Amino acid sequence: PAWLRRLCGQLLSERLMRPSGVQAVVRGVMEGTGAGGAGAEAAAVDWRKCDAVAKILASCPQQCLSPEDYYSLVCPQILDLLHIQDKLTARQFQRVATTTLLTMAKEHPQLAEKHLLQPLLAPLLRCSE
């Protein structure tokens, strides 16, 4: 029903904008992916889940005042996904993070540059100066 979809979307959006909310949502959706099945079918399911999570993360929720506010809350958490230590989890989180970055860069290039690309490239820029 529409009311349930709306409520779930609202709860998901609220969770994403909390500290460590992005990681909690990604863990919840990706749980069990990649650990069991082997082969091309399992890899395809893994990629589809990563793409679906990335689309969710890249979409500014209706409750947020502006895309700027949403990006400022969520983008640092997306960059944190690149620093996960567990190898299996890290591979999935990196897929989600890179797909989200690409999606955000297409939808809001200036915000993605400010909140994702500049922080990501800052160490490289410091070394080149």
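Buried here means under 20% relative accessible area. By that cut-off, in this predicted model, helix H2 (residues 21–30) has Gly-21, Val-22, Val-25, Val-26 and Met-30 as its buried residues. Around the helix axis they span an arc of only 150°, so they sit on the same side of H2.

On to helix packing. Two packed helices are described by the angle between their axes and the distance between the axes. For helix H4 (residues 67–80) and helix H6 (residues 109–128), the axes come within 9 Å and cross at roughly 25°. Because angles under 35 degrees count as roughly parallel, H4 is roughly parallel to H6. As for handedness, the crossing of H4 past H6 is right-handed.

Residue by residue, H4 brings Pro-67, Glu-68, Tyr-71, Ser-72, Cys-75, Ile-78 and Leu-79 to the contact, while H6 supplies Leu-111, Ala-112, Lys-114, His-115, Leu-116, Pro-119 and Leu-120. Sorted by type, the residues of this H4–H6 contact come out as 10 nonpolar, 2 polar and 2 charged. Glu-68 in H4 and Lys-114 in H6 are among the contact residues, and both residue types count as charged.

Then there's Trp-47, which lies in helix H3 (residues 40–58). Its relative accessible area is 40%, so Trp-47 is partly exposed. Along the chain, Trp-47 and Thr-99 are 52 residues apart, yet their C-alpha atoms are separated by 9.9 Å.

Conventions:
Residues numbered from 1 in each chain as written. Predicted model: local features only at pLDDT ≥ 70, side-chain atom pairs only at ≥ 80, totals over all residues. Heavy atoms only, no water. Axes fitted to C-alpha atoms, helices over the stretch in contact; angles between N-to-C directions. Helix = DSSP H or I, 4+ residues; strand = E, 2+ residues; numbered from the N terminus. Parallel < 35°, antiparallel > 145°, perpendicular 65-115°, else oblique. Left-handed = near helix turned anticlockwise from the far one by under 90°. Contact = heavy atoms within 4.5 Å. Buried < 20%, exposed > 50% of the residue type's maximum accessible area, 1.4 Å probe, protein only. Arc of directions from axis to C-beta.
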